[in-house]
Amino acid sequence: MRILSLAGRRLAASIPTLFLILIGVFLLLQLAPGDTVDALMAQMGGGDAATAEALRKFYGLDLSVPAQLGNYLWHLVRLDLGFSSIYGKPVANVILERLPPTILLMTASLSFAFFFGLVFGVIAARGVNRWPDTMISTLGLIFYATPSFWFGLMAIVVFSVYLQWLPPGGFEDIGTVQTGIWRVLDIAAHLVLPTLTLGLIFLAIYLRIMRASMLEVLNLDFVRTARAKGLDETHVITRHVLRNALLPMVTLIGLQAGTMLGGSVVVESVFSLPGLGRLAYESVVQRDLNTLLGIVFVSALLVISVNFVVDLLYARLDPRIAAEG
Amino acid sequence: MDAAKRYFRSPAAVIGLILLLLVIAMAVSAGFLYPRDPLALAGRPLVWPFSNPRFLLGTDNSGRDIAAQIFYGARISLLIGGVATMIAILIGILVGAFAGYYGGWVDNVLMRITEAFQTLPNFVLLLVLVAVFGSTLTTVTIAVGVVSWPAPARLTRAEFLSLRNREFVQAGKTLGMKDVQLILGEILPNALPPVIVYASVVMAVAILLESALAFLRLSDPNVASWGNLIGLGRDVLRVQWYVSAIPGIAILVTVLAVSLVGQGLNDALNPRLKSR
């Protein structure tokens, strides 16, 4: 219960941050050339000034900026994100439709990066300064410097064009209607390359942190005690070192949640996945500012929820945190 | 110069420095080696690399020399990376210094703002900024700088927190020095080294951010940027994959060089930091 109240307090503290972001971005978007009505008129193929006037009145765009902001926030409290003139639907619906691929992609990439970062980090730390360590550390440095979109394109060339093992893009095969397990497998096949592409840079970061954290914990007194009482090395690593070395890794998940969401904008564009990131890109190109603001809100919300989960996880891994509260 | 000696003892740091100097040399010699506009039509489109001595790295979909674009792209990447990093570090130092030095409500307000910037994914904020201010070289550079300052700000604040109650600061206060004098003249020089080292991380990320933006065709289309070229090559990816592959390697090498140099600097300065 203590853990929950602790994490809950952190969650409550992030509400002002959320409002700060929304107000800041809302005011920023006021500076943008053109508004929803301009975009709408362009879609309709032009119209006269009177129509524009009527439309502005209809969308409440004729009010003063503070009044519009108040309106927006008031609607937001009731989970109404406004109307997207480009998609002809409420923004909330547009975003909800695009959310699943992004969450799937992020979860898959995070698991991939976390698991392999952990394994490689442990291997590197066990053989510190010998060839496995040198090789893994060098690979990590190269992965860190690789632009994700470029890696994605090259992966498409190798695995989709030449080897033809995996589909080059899309979320599922739209040519055939599939159900049940076949659909799951189809989506999984479509997500392999995007997952690797998005996860690569995080794999590099995780393995570096895991290696450093392992090296630090391996030198602590309780590890020497565990060895001295005759535990074999595997037992020492899995039972004693790993749990303590994991703490910085878990912290990193919270810190990197935003970066990962930003990265998925690019990766979803490379693999034409119909996700939130691609929606963000499209709404910039189509000047759909209402949707863009909605995405800002939802992505901030996502980052905050990831951090909430990380807080819970953290207290579970290290009981001292909950006790100190 | 102990630090310099330590730096050159690490092979990774030396390789990084050589690579970085190479990229800088490319940027400097671009105008001399390729006096023509790199975005001008040069020959037949889609000439494969090494097949025509006139175009060592081939030509892109519209017949522009890829090698020339790579050389000029080095300029753009270093320029955007460098200036954006300076902007980010400058804002970061200002915010971090005031928050760390004054504490209390100043710290509270500034850290709330920092938190807001960190909660919003920086690439999404970059998209918003580009949507609002357009995508010219200047606006993109400033935008990349504006989304990158929170981490240096936190670092500076932490340094200031640990330094602000030291004897030399108290001595300065007793001498009647003003806050600005204390912050800029006394504390900042001591807080600077880790922030400068961190600048390499900021620069690496800044180069990657700009190239991603350019790849999405949201950066300045009128300059020869590596990201632009990769985005262009995407249209002919199935067969002429080299159009995208070559500039990607250039980005990889540059970012790798910057990170290696940063890590080398960090390791070279670390013993001193530890003994402090």
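Predicted model: local features only at pLDDT ≥ 70, side-chain atom pairs only at ≥ 80, totals over all residues.
Helix 6 of chain A, residues 131–145, packs against helix 8 of chain A, residues 180–218, at an angle of about 140°, and their axes are 8 Å apart. The two helices are therefore oblique to each other. Their crossing is left-handed. Helix 6 of chain A contributes A:Ile136, A:Gly140, A:Phe143 and A:Tyr144 to the contact, while helix 8 of chain A supplies A:Leu200, A:Ile201, A:Leu203, A:Ala204, A:Ile205, A:Leu207 and A:Arg208. By class, this contact of helix 6 with helix 8 of chain A comprises nine nonpolar residues, one polar residue and one charged residue.

Helix 7 of chain A and helix 10 of chain A pack at an angle of about 25°, with 9 Å between their axes. Angles under 35 degrees count as roughly parallel, and helix 7 and helix 10 of chain A are therefore roughly parallel to each other. The crossing of these two helices of chain A is right-handed. On the side of helix 7 of chain A, the contact is formed by A:Ser148, A:Phe149, A:Gly152 and A:Leu153; on the side of helix 10 of chain A, by A:Gly263, A:Val266, A:Val267 and A:Val270. Five of the residues in this contact of helix 7 with helix 10 of chain A are nonpolar, three are polar and none is charged.

These pairs belong to a chain with 13 helices and two strands. The C-alpha atoms of chain A occupy a box of roughly 85 × 55 × 40 Å along the principal axes. Chain A has 325 residues, of which 37% count as buried. Among its contacts between residues at least 6 apart in sequence, 73% connect residues at least 24 apart.

The UniProt record, an unreviewed entry, lists "transmembrane region" for residues 103–129, 141–167, 187–207, 245–271 and 291–314 of chain A. Two of these spans can be followed in the model. Residues 141–167 of chain A are 74% helix and 0% strand, and the C-alpha atoms at the ends of the span lie 28 Å apart. Residues 291–314 of chain A are 100% helix and 0% strand, with 34 Å between the end C-alpha atoms.

A:Gln164 is not a glycine, yet its phi is positive, at about 55°. A:Gln164 is found in the loop between helix 7 and helix 8 of chain A. A residue is exposed if 12 or fewer other C-beta atoms lie within 10 Å of its own; A:Gln164 has 9 such neighbours and therefore counts as exposed.

The description now turns to the partner chain. Chain B has eleven helices and zero strands. Its C-alpha atoms fill a box of roughly 75 × 45 × 30 Å along the principal axes. Of the 276 residues of chain B, 50% count as buried. Contacts in chain B between residues at least 6 apart in sequence join residues at least 24 apart in 69% of cases. From the UniProt record, again an unreviewed entry, comes the annotation "domain: ABC transmembrane type-1" for residues 74–262 of chain B. Over residues 74–262 of chain B, the chain is 83% helix and 0% strand, and the end C-alpha atoms are 19 Å apart.

Helix 4 of chain B, residues 104–119, and helix 7 of chain B, residues 150–163, pack at an angle of about 145°, their axes being 9 Å apart. The crossing of helix 4 and helix 7 of chain B is left-handed. B:Thr114, B:Phe117 and B:Gln118 of helix 4 of chain B meet B:Pro150, B:Ala153 and B:Arg154 of helix 7 of chain B. This contact of helix 4 with helix 7 of chain B holds three nonpolar, two polar and one charged residue. Elsewhere in chain B, B:Arg217 lies in the loop between helix 9 (179–215) and helix 10 (226–233). Phi of B:Arg217 is positive, near 60°. With 16 C-beta neighbours inside 10 Å, B:Arg217 counts as partly exposed.

Finally, the two chains meet: 41 residues of chain A are in contact with 35 residues of chain B. On the side of chain A, helix 1 (2–30), helix 6, helix 7 (148–162), helix 10 (233–270), helix 11 (276–285) and helix 12 (289–317) each give two or more residues. The residues on this side of chain A comprise 32 nonpolar, nine polar and no charged.

Key:
Residues numbered from 1 in each chain as written. Chains lettered and ligands numbered in written order. Helix = DSSP H or I, 4+ residues; strand = E, 2+ residues; numbered from the N terminus. Buried ≥ 20, exposed ≤ 12 C-beta atoms within 10 Å, placed from the backbone. Contact = placed C-beta atoms within 7 Å. Axes fitted to C-alpha atoms, helices over the stretch in contact; angles between N-to-C directions. Parallel < 35°, antiparallel > 145°, perpendicular 65-115°, else oblique. Left-handed = near helix turned anticlockwise from the far one by under 90°. Nonpolar A, V, L, I, M, F, W, Y, C, P; charged D, E, K, R; others polar. UniProt positions renumbered as here; feature names shortened; annotations may be inferred.
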